[in-house]
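Try each one before you peek at the solution.

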Amino acid sequence: MSASSRFARFLRFAAVGAVGTLAHFALLLALVEGAGAPPLAGAVAGFVLGALVNYALARRLVFASTRSHAQALPRFFVVALAGLAWTALLMSLFMELLDLHYLTAQVLTTALLLLWHYAGNALWTFRHGRRDVGAR
């Protein structure tokens, strides 16, 4: 794959991530503001929905993966949950040690984690291999 093809794939991944993020926040707001759910419950539900949207779109539009859902989906959630742990760590470091405003810290964290999620999913979740083709 050429460098320009890899960059185009990365941009598609970022666009897919934006769609997943919109789904996450839409459900969060609907549950908390519309249904009166506790914010933590809304955030968790939004995280799961956003991850599923990202998975479906990335699998088809970014990586054109033939890896079965039984193989790819658990891997995707491992990468996502590791990203959640990285988010907590980086936000703490940026805000507490570097005394950055939380929005600045979030922008930096999001930029760094975009790279994490792309690499994890390109190299592990959706990577093509000899034993990857299976029932979907």
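This is a predicted model: local features need pLDDT of at least 70, side-chain atom pairs count only at pLDDT 80 or more; totals for chains, interfaces and linings use all residues.

Residues are numbered from 1 along each chain as its sequence is written, and side-chain values use heavy atoms, with hydrogens and water left out.

**Exercise 1.** Work out how helix 1 and helix 2 are oriented.

Step 1: the axes of helix 1 (residues 3–34) and helix 2 (residues 39–62) come within 7 Å and cross at roughly 150°.
Step 2: that makes helix 1 roughly antiparallel to helix 2 (the label is for angles over 145 degrees).
Step 3: sort the contact of helix 1 with helix 2 by class, and you get 18 nonpolar, seven polar and two charged residues.

**Exercise 2.** Decide whether Phe 13 is buried or exposed, and list what it touches.

Step 1: find Phe 13 in helix 1.
Step 2: Phe 13 has a relative accessible area of 8%, so it's buried (under 20% relative accessible area, 1.4 Å probe, protein chains only).
Step 3: skip neighbours within four places in sequence, and Phe 13 is in contact with Ala 58, Val 62, Phe 63, Leu 114, His 117, Tyr 118 and Asn 121 (contact means heavy atoms within 4.5 Å).

**Exercise 3.** Find which helices the buried residues of helix 4 pack against.

Step 1: pick out the buried residues of helix 4 (residues 102–125), among them Ala 105, Leu 113, Tyr 118 and Asn 121.
Step 2: these buried residues pack against helix 1 and helix 3 (69–97).

Methods: Axes are lines fitted to C-alpha atoms, for helices over the stretch in contact, and angles run from 0 to 180 degrees between N-to-C directions. Helices (H or I, at least four residues) and strands (E, at least two) are DSSP runs, numbered from the N terminus. Angles under 35 degrees count as roughly parallel, over 145 as roughly antiparallel, 65 to 115 as roughly perpendicular and the rest as oblique. Ala, Val, Leu, Ile, Met, Phe, Trp, Tyr, Cys and Pro count as nonpolar, Asp, Glu, Lys and Arg as charged, and the others, Gly among them, as polar. Buried means under 20% relative accessible area, exposed over 50%, partly exposed in between (1.4 Å probe, protein chains only).
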